[in-house]
Structure formats: C-alpha cells, structure tokens
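Hi,

Here is the structure I promised to pass on.

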Amino acid sequence: MPKPYPKEFRDDVVRVARNREPGQHLRQIAADFGISESCLTNWLRNADVEDGTKPGTTNEESRENRELRKRIRLLEQENEVLRRAAAYLSQESSGKMMYPLVRELAAGGIPVAVTCRVLGIARQPYYRWLADPVTDAELEEAYRANALFDAHREDPEFGYRFLADEARDAGESMSDRTAWRICSTNRWWSVFGKKRGSKKGRSGPPVHDDLVGRVFTADAPNTLWLTDITEHRTEEGKLYLCAVKDVYSNRIVGYSISDRMKSRLAVTALESAVARRDSVAGCVVHSDRGSQFRSRKFVRALARHDLVGSMGRVGAAGDNAAMESFFALLQKNVLDRQRWATREQLRIAIVTWIERTYHRRRRQLRLGRLTPVEFETIMTTPATQAA
C-alpha cells in the first residue's frame, strides 16, 4: 500500500487547483504535481466537504467523534480507579500505601498515568517502588515527594523552601535541604527561578558532527539530505519555508511553509520528506546550527526514522552551500519577482514553482541536462529492474 501524501502537500495542491487560470485543466495540474487526476478530484471533493459547500462528514467531526470515544473510555477508567480505591481503603487503614493498587489496576489495563492522576500521587516514586523493594526510608521519601508534588502543582511559582513549608503543613516534615534534593531530582522548578537566555548570544553547541565536509555528492537516493529555512516578507508579515533536498537528484523531497519559524516547521518538513520517500533509514540529514535543527523535537524525529544528523559550523554558509544555491534560485525566480500582498499568494507561488518548474521543467547541467524527476526516473529504474 503506497504511503499517503502529507497533509500540507495535499492542501497546497488544492490551493493551486482552486486558483488555476481559466482554461487550465485539472489533468495538467495533477501531472505537474506527480499525482493522478482522480486523486486530485478526490482531494478537491474532500476539501469542499471540509469547507461546508458539499454534504459529508468533515475531518473535524471525525476527530470530535474519536475524542468523545476516547473521553468516555477515560471516564470509565477513572470510575474504576475510584471504585477499586474505595474498596481498597475499606479493608485497610487509610495510611496504607496505594502503590499496590496502582500496580493491580495497571495489570487490568488502566494506565498508570490515569490512576496516579485520579488518586493524586506522583508517578516517579511509584516507578521507583515498582523497580525495587521499598524500604522505610524510601517509603518516607515517597510521601515527602507526594506532598511536594501536590504543593508544586497548586503553586508552580513556589521555590523549594516554600514547597517545604507547604509539605510540613500537610504533615510531612523535612528540612529545606531534603526538599531541594527531592525537587531537583524530579525537576520541579519554580517558573520564576530560572534566568532566560538572551537571543543576542551565539548559536548553541552542535548536537551532531559535520559528516558532510562540503562534499555534496551522493551515489543513491536517500543517502544525503540537506535542509535549511528561508524567509520572505509579505504585506501581511513574513512567510517561512523549510525545505529538504536530496543531493542525489537535487529534488526537494519535503517542505513546510508557515508564518512562524518554530521547531515544528523543521519537524514537519522532515516528516513530509519521510512520508514521500522509501527506505530512508541511515540517510544523513545535514543542516546549519539553527535552533530549530538543534531542538529536541527535531532530534527525536531523526531518531524515530533512523536518520543520521549532521551540522555545519556557525556562520559558515559554505557548509550548506548546495542548499543555499536552491534558495538563491527560489529568491531570483519567485520571491523577488514582485511584491506579495498575502502569505497565501506567496505560498501558492512557491509550491507551484517547486513542483511544476523546478522538479519537472528546469534542466540541470549536473544531472546531464535532465530535470530532477527525469533523473530519478532514469537512474533508479535500471537498479530496480536489476534487483
């Protein structure tokens, strides 16, 4: 079964189809984006349902139904926790540990997170209890941690000294030093306790080594990808583009466009590339040292798909020169051609130029005067047949 196209790609194709020039057929638009006409027709029909111009169940309604079913299942689990907890406490003294009940409910299919939330206890001490036998000192530590956790949840701005006072009022005596140790271990910090970093500082340390060394060549698809972010101003504000380029064919295998330059922009572009390609495990993804590519979300996305990260140096544009050359073409052929009134107008222009012109009409000398799509089709078909 083929992989589904990314949602952002589908939305962009629908935008281009809806804003097509008079006399331009859907067949030509579908060919420009490498999809079938029937596929494009289905996307347009689904978009009409989402917009309310045609009857049908929208994605939002389907999502709400799933959320309602999920909520009902969660309420049933919470009711079961309360029922079992009442029966558990009726047989034993109120001071008995609740951790065995958490373990029993987890064995019955109720998540530990749900049980701990309903009973008002922290999960970290429970997991420590589950891994090793509980000593008297550890039991006392767990009660102290629960008291500190409750105080921190009620007043997140409190530091450890105030949390210790609240815990002592709740009946769990401890020194300020003990409270600091427990809070530090569980990373329960005051929301005002940490100084914010300055945006004027230098770029942070790289999370990956430079595995490319300015050698922008690849012997096969999905061996080396380059990624970067560019921006352009419209009358509505800036629009940001994060693109992922396969060095083998110079094809843009994934991209994401947004009005905010957050780590989600880079993660979405990477997920789009993975969704549109096969056998990406082991591919090197090279970027600059921007905060979006050093973020934990992006690093986790690389690990999730078995990709290998690589980073250039600070202020060294040549370390990602092949990606910069693509953005230079985009700047000259699209961004600087006119003044853009809206982000939507610029977005359609960028997507159309990438999919129609750059991929399927612009011939490149390095590819033997073939387009990226032609090069991949010609070079990968013999290898597939030989396999």
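A disulfide here is a pair of cysteine sulfur atoms within 2.5 Å, and by that rule the structure holds 0 of them. Before I go on, this is a predicted model, so local features need pLDDT of at least 70 and side-chain atom pairs count only at pLDDT 80 or more, while totals for chains, interfaces and linings use all residues. Residues are numbered from 1 along each chain as its sequence is written, and side-chain values use heavy atoms, with hydrogens and water left out.

Back to the cysteines. The closest cysteine sulfur to that of cysteine 242 sits in cysteine 283, 14 Å away, which is too far for a bond. Cysteine 242 is buried, at 0% relative accessibility (buried is under 20% relative accessible area, exposed is over 50%, partly exposed is in between, with a 1.4 Å probe and protein chains only). Cysteine 39 is buried too, with a relative accessible area of 19%.

Now the strands. Helices (H or I, at least four residues) and strands (E, at least two) are DSSP runs, numbered from the N terminus. S2 pairs with S1 in the antiparallel sense over 10 bridges (two strands pair if DSSP finds at least two bridges between them). A hairpin with 2 residues joins S1 to S2, and aspartate 228 stands opposite alanine 243 in S2. S2 also pairs with strand S3 (residues 251–258), again antiparallel, over 7 bridges. There, lysine 245 stands opposite isoleucine 252 in S3. The hairpin of S2 and S3 has 4 residues between the strands, and in it asparagine 250 takes a positive phi near 65°.

On to the charged pairs. How many salt bridges does the structure hold? The count is 26, where a salt bridge is a side-chain nitrogen of Lys or Arg within 4 Å of a carboxyl oxygen of Asp or Glu.

- Glutamate 140 and arginine 144 form a salt bridge, with the closest N and O atoms 3.0 Å apart. Both are in helix H8 (residues 136–154), and because they are 4 residues apart, about one helical turn separates them. Glutamate 140 is partly exposed at 40% relative accessible area, whereas arginine 144 is buried at 15%.
- Aspartate 319 forms a salt bridge with arginine 214, and here the closest N and O atoms are 2.7 Å apart. Aspartate 319 lies in the loop between strand S5 (308–311) and helix H14 (321–335), and arginine 214 in the loop between helix H10 (176–186) and strand S1 (224–234), so the pair ties together parts that are 105 residues apart in sequence. Aspartate 319 is buried, with a relative accessible area of 4%, but arginine 214 is partly exposed at 44%.
- Glutamate 374 and arginine 363 form a salt bridge with their closest N and O atoms 3.1 Å apart. Glutamate 374 is in helix H16 (residues 372–386) and arginine 363 in the loop between helix H15 (343–358) and H16, so this pair ties together parts 11 residues apart in sequence. Glutamate 374 is partly exposed at 28% relative accessibility, and arginine 363 is partly exposed at 48%.

Lastly, there is a network: salt bridges that share partners join Glu8, Asp12, Arg15, Glu344 and Arg347.

Cheers
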